Amino acid sequence: MKIVALISGGKDSCFNALHCVANGHDVVALANLHPPAAAASDELDSHMYQTVGHTAIPHYAACFRHPDEAAYGSNPCDAPDLPMFRRPITGASTNLGMTYSKDDKAAADEVEDLYELLADVMRAMPQVTGVSVGAILSSYQRVRVENVCQRLGLTVYAYLWDRDQVALLDSMVQSEINAVFVKVAAMGLNGRHLGKSLAQLQPHIMKLYNQFGLHPCGEGGEYETLTLDCPLFRRRLVLEETQHIEHAPDDVAPVVFLQLNSARVQDKGDMPATYEAVREAARRLLVEPLERADLHTIIPLPAAALDPSGAALVPSALEMPPSAPTVAVHRVGELVAIGSVRPDPEACGSLEEAAKSVLDKASAALKEHGLSLARDGILITVLVQNMADFARVNAIYGSYLAVNPPARACVQAVLPVPIQIDVLARATVATPRSALHIQSVSYWAPANIGPYSQSVTAVGHSAIAGQIGLVPRSMSWPEGNSDAECALRQACLARRHLERIARAVKVQPVAVVAYVSDARWVAIARQVWFARFTAPPTDPLADENENAEGDSSDDDEDEHDGRPMCQMLDVVVVPTLPRDGAVEYVTVAARAIDWHPAYLESVARIGQPLDSDVEADAAMLSANAAQYDATVGSASASRRGVVAVVSAPWITTSAAVEGLGRVQSDLRSAISAIRASWNDILLARVFYLADPRVASREDLDRIEHGMSQALGTTTIATSFVPVKSLENGASALVFLHLNVPSSP
């Protein structure tokens, strides 16, 4: 892919460009935003862009190697300069929210300067389809770059995103990124450090990291750098005349930067002979270690094989369901759910009509409560009759959503209709809702390949989009010597992706459903989930570097432990998964609700701090800390805070759905065991075996209506999922998602 690299001059933008080349892309142009000519200082204190050192940026056109250099002779310095696109920063930081969208107010935002800059690139070089960005930790910056690139149809490549900063700093030094400090703004740093290299100051940076928590890569604004040389350069930058400028005097943490008055470039003699040699060397140094860390070795564990003797259910002998079931919104606390939204029979003439029908029905039901899919949705589960048609469904689906869309899980089921959805949403617009929506390609986890967020959280409930085992940097499947090895590697990656997302949004998975596309992968999905990864750090060097300094990051502590994040797992066999994958993990997760406002309200009411003697208030605050696990008969239950899940398989020799009522007693007992009630059920998901040869819409309607009556869920939002197989010969699996009140 042809890529334009956003270049600030700092180590991150240059190092990410090197990663782009290592991953098979060509950097064909450079782009930069700089202070306007009338600016009083090199330092604009921009929320988006590094501006210190901007006068050296034009030299980079001659420094970077040209991907077509071979056409100009054997000496890389004979190739022309890379095209350099620059624009002054005319806007300001007017929109400071954690989401960004173009509106009238945004017209004066500095983000729109980036839009115009990249639009210039596309007009001059229409072959450019991607953008290199050196973002590591700032969601503020990443969200804005992604917004601009989405509007222009460009792919963002951010290979440094969410990398362990200790390991990343060391990787930069080991890769011979020669970057010097041009700005300092932190305790322990001052003007004496300006002009010194990253390699020289690495020990001092690590000392400050261990003593004061300084971000090793300067992600807290502690320092900025200017790259003088890197493996992607054919000429190095030489600073001839500089001046120290005290931008903000302070006895503890002065802000001082280096003003560049004169600089030049110098040909390099010691460099690889060809661009491809640079690529191969970078791939071996940067990509291969991360790939080895991606595919962790797991400890083999015994896993129950699938018993194929489960019986497909037959229609109920009970009363027939209504001819046209209504789409009802079921509310529990501050959340609502809608189950099994299917298209009207007359709307099944085409796939597009069917997709519009279910989305219109769900939207209309939410609208009656003042809600919308785009603004209030948390999770949408999409079942399709044929996964090969999903691209057409996706085009319709995306038109109903906006910025930070709901998370999504998608599988193919044994459906009698083209599409079915169910919805989880917040109950009021006033309820806080947060989303993690990363569209950049990185090593971290797969970028969004559709209109969905990686995670959406509201009132303690967090939905994480279904995770399949793609290699994030290439968005391709891992290779293996057999189908089983490929499935094993996919499962390892899918688990790692889910866990990384969970840690990023600080949530605790409560229960997981593993969808597999073949009965052979049931044991693999279970084995991988419950295995203890033997080498699971975020970065292959993270443990080594942290231990060498005698400290470790609290954020990575659980991941280094290598154990699964929850112990409740159900495995379901479906006909097909997205992109013909082998395993997809979907979780129900919990995040602690901020109890502080409730605490202050209670203190004001009773006139004293709360203690265990005030039972009503203690219950309100302790609900978020609740942790219960229980097994009652066939039912398993887990509760973390206000989120609870109870599941039970139904194993029977009779396929009559009335027998499913026997499961209800175990479900009710398990719910009581975790201090919840039947009325707390937000959504019931019922997986059941359906014979695809006789699965007419009328028969499935009768089966599902009979199951609702037998389970006692006729007044609860219920999603029915007809599948190919279930574990241990079960004919059905009942999966209940509960919202337990946080106050009495």
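Tutor: We start with a term. A residue counts as buried when its relative accessible area is under 20%, as exposed over 50%, and as partly exposed in between. The model itself is predicted.

Student: Is proline 254 buried or exposed?

Tutor: The cut-off for a buried residue is under 20% relative accessible area. Proline 254 has 11% relative accessibility, so proline 254 counts as buried.

Student: Where is proline 254 placed, and which residues does it touch?

Tutor: Proline 254 sits in the loop between β8 (235–248) and β9 (255–267). Leaving out residues up to four places away in sequence, proline 254 touches Val184, Ala185, Ala186, Leu189, Asn190 and Ala248.

Student: How many residues does the protein chain have, and what percentage of them count as buried?

Tutor: The chain holds 18 helices and 27 strands. Among its contacts with a separation of 6 or more, 79% are between residues 24 or more positions apart. The chain has 744 residues, and the buried percentage is 58%.

Student: What is the orientation of α3 to α4, and what is the handedness of their crossing?

Tutor: Helix α3 (residues 111–124) packs with helix α4 (residues 139–152) at an angle of about 40°, and the axes are 10 Å apart. Because of that angle, α3 is oblique to α4. The crossing of α3 and α4 is right-handed.

Student: How many nonpolar, polar and charged residues does the contact of α3 with α4 have?

Tutor: From α3 the contact takes Val111, Glu112, Leu114, Tyr115, Leu118, Ala119 and Met122. From α4 it takes Arg144, Val145, Val148, Cys149, Arg151 and Leu152. By class, the contact of α3 with α4 has ten nonpolar, no polar and three charged residues.

Student: What is the orientation of α8 to α10, and how many residues of each class are in their contact?

Tutor: Helix α8 (residues 351–367) and helix α10 (residues 390–398) pack at about 40°, with axes 9 Å apart. That angle makes α8 oblique to α10. Leu351, Glu352, Ala355, Lys356 and Leu359 of α8 meet Arg392, Val393, Ile396 and Tyr397 of α10. By class, the contact of α8 with α10 has six nonpolar, no polar and three charged residues.

Student: Which residue joins the side chain of arginine 526 in a polar contact, and what is the distance?

Tutor: Arginine 526 belongs to helix α12 (residues 522–530). Not counting residues up to four places away in sequence, arginine 526 touches Leu569, Asp570, Val571 and Glu727. Its side chain makes a polar contact with that of glutamate 727, at 2.8 Å.

Student: What is the phi of aspartate 162?

Tutor: Most residues other than glycine have a negative phi. Aspartate 162 lies in the loop between β5 (155–157) and α5 (165–174). With a relative accessible area of 29%, aspartate 162 is partly exposed. Although aspartate 162 is not a glycine, its phi is positive, at about 60°.

Student: What is the phi of serine 340?

Tutor: Serine 340 is part of strand β11 (residues 335–341). Its phi is positive, in a residue other than glycine, and the value is near 45°.

How values were computed. Residues numbered from 1 in each chain as written. Predicted model: local features only at pLDDT ≥ 70, side-chain atom pairs only at ≥ 80, totals over all residues. Heavy atoms only, no water. Helix = DSSP H or I, 4+ residues; strand = E, 2+ residues; numbered from the N terminus. Polar contact = N/O pair within 3.5 Å; in protein donor to acceptor, adjacent residues only side chain to side chain. Contact = heavy atoms within 4.5 Å. Axes fitted to C-alpha atoms, helices over the stretch in contact; angles between N-to-C directions. Parallel < 35°, antiparallel > 145°, perpendicular 65-115°, else oblique. Left-handed = near helix turned anticlockwise from the far one by under 90°. Nonpolar A, V, L, I, M, F, W, Y, C, P; charged D, E, K, R; others polar. Buried < 20%, exposed > 50% of the residue type's maximum accessible area, 1.4 Å probe, protein only.
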